[in-house]
Each structure stands twice: as C-alpha cells, then as structure tokens.
Amino acid sequence: MKKDYSIWSLFTKGLNYNEGWDPAWRSAELKPSYNVVIVGAGGHGLATAYYLAKEHGVRDIAVIEKGYLGGGNTARNTTIVRSNYLWDEATMLYEHALKLWEHLTEELNFNVMFSQRGVFNLGHTLQDMRDIERRVNANVLNGVDAQVLDAAEVKRRIPILNTSRNARYPVLGASYQPRAGVARHDAVAWGFARAASKYGVDIVENCEVTGMDIVNGRLQGLQTSRGSVRADRVGCVASGHSSVLAKMAGIRLPIESHPLQAFVSESMKPVLDTVVMSNAVHGYASQSDKGELVIGAGIDHYTSYTQRGSPHIIEHTAAAIIELFPIFSRVRMNRQWGGIVDTTPDACPIISKTKVKGLYFNCGWGTGGFKATPGSGNVFAHTIANDEPHPLNKAFSLDRFSTGHLIDEHGAAAVAH
Amino acid sequence: MLVLFCPHCQEKREEEEFGYGGEAFRIRPASPDTADDDTWADYLFMRTNPKGWNWELWSHATGCRKFFVVKRNTATNSIAGSWTLSDGRKVYDAEGGSQ
C-alpha cells in the first residue's frame, strides 16, 4: 500500500533531493479473467473503476487502454467544469459531478487543482438574454447557483472584455455560475489511477480491444492485442472510438466522431481570472495557472478519427477570441491539438445497458465530457455493479432514441464546451 | 483543410466552400406508417460512423449548391473520389454497400 501524499512526505523527500518517490500507480499485466473490465483509461474509465472498487466492493477489475493512460480526450480538453444546463436530467447529472469535484482533491489525496473561478456565458442579442434568463431560472429551481448579470457588471468583473456598444456583437449581459471553474486535466486521470490502483485495480496500457466474445446475447470476454480476457461485465468508455467498439458487439450507436480543436498561447502574466464563453461569437477562453490562454470553439463539421482538424476552424476561433478580447490580438499561440469527440443528436451522453448482457456503454459526452468525469464514473459504476442505472443516469439510456425522450441540451452545450 | 472535387462544377476547391451532409445512402423506411420506433430510431439517429472508408454527402454550399458524394477515409482523411449522387450510388452498390 502506497503512502498518502502529505506536507511531511513532500518535506522529507525534498531533503532527499526528491529521490525515492514511488510510481503513482502499479503497471499490471493482463490476467486471464476479471469480474469487471473497463475499456478506456481516461478520466471517466478510471473514475468508474475507482467508484466500483470504493462504493460497490468490486475488487477484481482491469482498466485496459489502447494507448497510454489519460492520453485521449482527458489530455485534449479545455478543462472547464460547470453544471448550468437547461433540463432537469442533465443539470442533476452535471451538478452531481460538480459536487464530487468540490471534494475530489481530498478524496483522491491528489491535487486536481480544482479552481472555482466562475464561468460567464455571454449574451449578445435579445434572444441570447431571454435564453440566459430561462436557463438561470431553471438552474435556480434545481438548486444550482446561477445569476444573470448585466453588461455593466460583466465589464466590472472582466475589464479586458470588449463591452463597447460599437462592437460587432455587443455584450448585453451574461449568465454566471460562481461554483464553476477549471481543473488540472492530467491530475484527474493520474489521481483516479492512483486511487484505483490502491484498491488493487489492474491498469493495462497498450492493450487494444480487437473483438468481443458474445454467446447467446451474453458477453463472455474480450479479444485484445495482449491476448484474450474473460469478464463477467465490460464497461466501454472510449469516447470517439465508441462506435468502433459497438460494432464488435453488433450494436449501432447514435454517435458521430468529430475532431474538436483547441489551443494554448504562450504564458503571460495573470490577465483573465475566470472562464468566458460566448455562443454567438463562438469561442471560449480561460487562463491556466501556468499563464497560458486556453482557447477553444466548435467541432470540425466532418466526421474523422484523425486527431487533427482543419486550419480554418482555428482561424475562426482566433477571430472570435479577438472580437471578445482585442487585447489578445498580438498574443502568440503555442500549441494546437485535436481530440475525437463522440457527439449525439441531443448533445447529451449515453450511460446505458445494451442489448448484450454484461456489456455497458458510457459515451456520447461529445464536447463536454471533462466536467462530468467524477459524476460519470460514479453513476456508471452503479450501473455496472447493479445491472441497473443510477437514478441520475436513468434518462440517459440508449432507449431514449427509440422512445423519443431526447434531452435537448444544444442550447446549454452550444459552443463546444 | 480538405480539398474536395465538385463533380458538378468539375473543380477542386477548399473545404470552406462546402457543407458536410453526413453519411450518404441512408434509406428512409419504405412504409413510414407501419415502421416501428426502433426502425425510425435507426434511420433518424443511428450512424455507422466507421473508422475507415466512409461514403458521405457534401454540398457545394458557396458554389453550385448541389449535393454530391465523397468516399473518404476517416482514419487518414485520404479521399478516393467524388461522384454525383447517381454515379456514386452505382460505385457504392458495386462495392457491396458501406464497409
């Protein structure tokens, strides 16, 4: 059992020139059989394994990953965490996650650098402001902190924002969620990996699923690039590659995989102490603790599994950010990347049992999965352990596309978030 | 940036001139009144979303505004060709449909 991180361990290891730190998690070999196998060692998959072990007493778990741990969308998002969605089902799910975020550092004994610096969603038209008021009212009724701010208040809180009345899209106001913020993306994956590893979860990297053994509608096990493994239950948390896994099981998903690009600037002195998003101008920005501006916008329109997108998307994103923040016009960009996001028709995830017994899917988070990482893992672990959905993810079943009970969150999701 | 060939204009143009139309050759239920919910869900929402060769619709939105089909590899973005819908359908059927 690894020792907890503490100020004392930091001090003593420091005296020792920081030699002798243990690896944060145990690298395991794939055993022939497990109780539960999770496919995908990103934040959501590792959180699922952690909560399965902690809350449901399942100990015989493997998390298998075709690349390296936390190397997919966990490493490719813009780290925004918020819960101000419109519909009850989505709001409660993201709020569940936000409540877990608030204690995650203590829970995992790993600093996930969760910083509740607030999120502004700007309104630029009368209709934007009506939508904002509707959404804020819905949030308040659901017990989520949300406020409507007018343009003068927005200007006071974000002095560098272009609130000129002569702007092409003048800022009329904003919705504001004070408890929202950002977190350190890698730390979330590493923290969950370390905490799950302490419970004996096997984490196996470079292990790609190549086939599924299904007999009489029941999953028996998986074929992988590291040999076959038997499993009573398998949870797939593979974001952009969910359709590829589903095809192995003969399941069709309502998912399209698109590239979503983002980029960061060179490091600067602190200039933006909150998160600003604009649906109409179509971009969002925050500043990391390192001082980089973290910038993103929408998905590339075509489907693709290439982790890159087209340059004109970057151009439009940069134009939107400069429209909002003219002061950033000479900031140089440092890195750009793309992740493959699994978009659904209603911009809501699928956390569900499937027609194959013992096979579960957690996918369709599209552009906004990072914020839900602990909540997603928590309810998915419940779904796998009990073979029944948690009350919070009951509405997010695959059936909803047949019954018509879609949860249309395109408004609250809006700019890829 | 994808560079696409419009079979109507007989021109190669950059992606920004085009609009993406999703998977090509999806077939609407033949008898809408009797099709059940699962059949409708499959037509409306479910997608093959292949990692590999994909038949897809594009419209030349700022050009001739006509639709055409492209066969593109979603794992590499390489393009096998562009066809009008009727010509593309023949090639698609000759290949035995998608994948």
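## A buried phenylalanine in chain A

In chain A, the loop between β18 (359-363) and α10 (373-386) contains A:F370. The model described here is a predicted one. With 25 other C-beta atoms within 10 Å, A:F370 is buried, because a residue counts as buried if 20 or more such atoms lie within that distance.

Which residues does A:F370 touch, not counting residues up to four places away in sequence? They are A:G43, A:N77, A:T79 and A:H185. As for A:C207, it is 163 residues from A:F370 in sequence, and the two C-alpha atoms are 23 Å apart in space.

## A:T79, a contact of A:F370

A:T79, one of the residues that A:F370 touches, belongs to the loop between β2 (61-64) and β3 of chain A. Is A:T79 buried or exposed? It has 22 C-beta neighbours inside 10 Å and therefore counts as buried.

The backbone of A:T79 also deserves attention. Most residues other than glycine have a negative phi. The phi of A:T79, however, is near 65 degrees, which is a positive value in a residue other than glycine.

## Two packed helices in chain A

Two packed helices are described by the angle between their axes and the distance between the axes. Helix α2 (residues 43-56) and helix α7 (residues 185-198) of chain A pack at an angle of about 30 degrees, and their axes are 9 Å apart. Angles under 35 degrees count as roughly parallel, and α2(A) and α7(A) are therefore roughly parallel to each other. Their crossing is left-handed.

Which residues form this contact? On the side of α2(A) they are A:G43, A:L46, A:A47, A:A49, A:Y50 and A:A53. These meet A:V188, A:A189, A:F192, A:A193, A:A195 and A:A196 in α7(A). By class, the contact has 11 nonpolar residues, 1 polar residue and no charged residues. A:G43, listed here in α2(A), is also among the residues touched by A:F370.

## The two domains of chain A

Chain A is divided into two domains. Domain 1 is made up of residues 31-83, 86-110, 185-254 and 346-413, while domain 2 is made up of residues 119-181 and 257-343. The centres of these domains, taken over C-alpha atoms, are separated by 27 Å. Domain 1 gives 27 residues to the contact, and domain 2 gives 26 residues.

On the side of domain 1 that touches domain 2, the elements giving two or more residues are β3 (80-81), α3 (88-101), α8 (242-248) and α12 (410-413) of chain A. The largest share of this side, 5 residues, comes from α3(A). By class, this side of domain 1 has 8 nonpolar, 15 polar and 4 charged residues.

Chain B has 2 helices and 6 strands, which follow the pattern β-β-β-α-β-β-β-α along the sequence. Its C-alpha trace spans about 45 × 25 × 25 Å along its principal axes. Of the 99 residues in chain B, 21% are buried.

How many residues of chain B are in contact with chain A? There are 19, and they are in contact with 21 residues of chain A. Helix α1 (residues 37-44) of chain B gives the largest share of the chain B side, 4 residues. That side divides into 7 nonpolar, 5 polar and 7 charged residues.

In the loop between β5 (67-73) and β6 (79-83) of chain B lies B:N77. Its phi is near 70 degrees, a positive value in a residue other than glycine. B:N77 is partly exposed, with 17 other C-beta atoms within 10 Å.

Terms used
Residues numbered from 1 in each chain as written. Chains lettered and ligands numbered in written order. Predicted model: local features only at pLDDT ≥ 70, side-chain atom pairs only at ≥ 80, totals over all residues. Domains from an automatic or database assignment. Contact = placed C-beta atoms within 7 Å. Nonpolar A, V, L, I, M, F, W, Y, C, P; charged D, E, K, R; others polar. Axes fitted to C-alpha atoms, helices over the stretch in contact; angles between N-to-C directions. Parallel < 35°, antiparallel > 145°, perpendicular 65-115°, else oblique. Left-handed = near helix turned anticlockwise from the far one by under 90°. Buried ≥ 20, exposed ≤ 12 C-beta atoms within 10 Å, placed from the backbone.
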